[in-house]
Amino acid sequence: MKSYLVKSGLLRWMVCLLVTCLLPSLTYAHVGVGQTSGFAHGFLHPLTGFDHLAAMVAVGLWAAQQGGCALWVVPLTFVAVMALNGLLGTLGVSVAFVEPGIVASVFVLGLLVAAAVRLPLVASSLIVGVFAVFHGHAHGAEMPETVSGLAYGIGFVLATGILHGCGIGLGLLAGWLGSPRFVRYAGGASAVLGVYLFVT
């Protein structure tokens with residue numbers, strides 16, 4: 001059983017979920033805590049909250065499940081829209097329901113992966129684009145309008161792209177190994193995390 005969990009990656013998701021339940025303060029990557037300037041802080045920021053990390057990996061997993069042009073169009077759409085709305089957030093443009101939108105992204109993207117939903121490319125891009133608005137605005141609103149803030153944004157965008165790549169890599173590897181159900185389990189774990197975030 002242990003070997004099965006390790007090979008499937010399910011053990012890692014279970015540990016993440018357990019830590020999330022035990023340490024709720026770690027679940028949010030954008031609550032105004034910590035440094036919001038400099039490349040290093042921007043790069044590390046997406047890795048410090050399970051909400052952003054889970055959503056970013058789920059985008060990659062979903063893109064891998066769909067294959068074809070979705071492999072690059074879906075994550076690129078997310079990154080582009082997130083960066084644009086990060087800039088708007090820095091400029092003080094307001095967006096409603098940012099926190100609920102981010103939590104919803106964790107749940108919905110996880111659910112899409114768990115159900116292995118296949119949609120037309122435009123629809124898939126639209127869905128991730130909508131969620132990218134909330135993620136981008138949340139972090140952009142915290143960044144200072146300085147060169148250091150710009151470096152933070154570049155680091156944040158780069159880390160987000162890497163997380164997408166990790167999701168794509170895991171999804172493709174699972175397909176290559178003939179174990180696509182493990183990707184769906186990871187999506188299910190993300191959806192469960194989303195539910196947890198809704199009720200906490």
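This report describes the helices of a predicted model, the packing of two of them, and several individual residues.

The model is predicted, and for that reason local features need a pLDDT of at least 70 and side-chain atom pairs count only at pLDDT 80 or more, while totals for chains, interfaces and linings use all residues. Residues are numbered from 1 along each chain as its sequence is written, and side-chain values use heavy atoms, with hydrogens and water left out.

## Overall picture

The protein chain has 9 helices and 0 strands, where helices (H or I, at least four residues) and strands (E, at least two) are DSSP runs numbered from the N terminus. Read from the N terminus on, the elements follow the order α-α-α-α-α-α-α-α-α. Of the 200 residues in the protein chain, 48% are buried; here buried means under 20% relative accessible area, exposed means over 50%, and partly exposed lies in between, with a 1.4 Å probe and protein chains only. Among contacts between residues at least 6 apart in sequence, 83% join residues at least 24 apart, and a contact means heavy atoms within 4.5 Å.

## Helix 4 against helix 9

Two packed helices are described by the angle between their axes and the distance between the axes. Helix 4 (residues 50–66) and helix 9 (residues 180–199) pack at an angle of about 145 degrees, and their axes are 10 Å apart. The axes are lines fitted to C-alpha atoms, for helices over the stretch in contact, and the angles run from 0 to 180 degrees between N-to-C directions. Helix 4 passes helix 9 in a left-handed crossing, a term used if the near helix is turned anticlockwise from the far one by less than a right angle, whereas clockwise is right-handed.

Which residues in helix 4 meet helix 9? On the side of helix 4 they are F50, D51, A54, L61 and Q65, and these meet V183, R184, A186, S190, L193 and L197 in helix 9. By class, this contact of helix 4 with helix 9 has 7 nonpolar, 2 polar and 2 charged residues; Ala, Val, Leu, Ile, Met, Phe, Trp, Tyr, Cys and Pro count as nonpolar, Asp, Glu, Lys and Arg as charged, and the others, Gly among them, as polar.

## Two other residues of helix 4

Q66 also has its place in helix 4, and this residue counts as buried because its relative accessibility is 14%. The side chain of Q66 makes a polar contact with the side chain of S124 at 2.9 Å, and the side chain of Q66 also reaches the backbone nitrogen of L119 at 3.5 Å. A polar contact is a pair of N or O atoms within 3.5 Å; within protein, one must be able to donate a hydrogen and the other to accept it, and residues adjacent in sequence count only if both atoms are side-chain atoms. Leaving aside neighbours within four places in sequence, Q66 is in contact with V117, R118, L119 and S124.

L53 is found in helix 4 as well, and with a relative accessibility of 21% L53 counts as partly exposed. Not counting residues up to four places away in sequence, L53 touches P46, L47 and L163.

## Residues apart in sequence

| Pair | Apart in sequence | C-alpha to C-alpha |
|---|---|---|
| C69 and L121 | 52 residues | 7.8 Å |
| L121 and A63 | 58 residues | 9.7 Å |
| L53 and T160 | 107 residues | 8.2 Å |

L121 is found in helix 7 (residues 121–140) and, at 34% relative accessibility, counts as partly exposed. Leaving aside neighbours within four places in sequence, L121 is in contact with C69, A70, V73 and V74. C69 itself is found in the loop between helix 4 and helix 5 (70–90), and C69 is partly exposed, with a relative accessible area of 45%. C166 counts as partly exposed at 38%. A search of the whole structure finds 0 disulfides, a disulfide being a pair of cysteine sulfur atoms within 2.5 Å.

## Two positive phi values

Most residues other than glycine have a negative phi. F97, however, has a positive phi near 60 degrees; F97 has its place in the loop between helix 5 and helix 6 (98–114) and, at 65% relative accessibility, counts as exposed. A116, which is not a glycine, has a positive phi of about 50 degrees. A116 lies in the loop between helix 6 and helix 7, and at 29% relative accessibility A116 counts as partly exposed.
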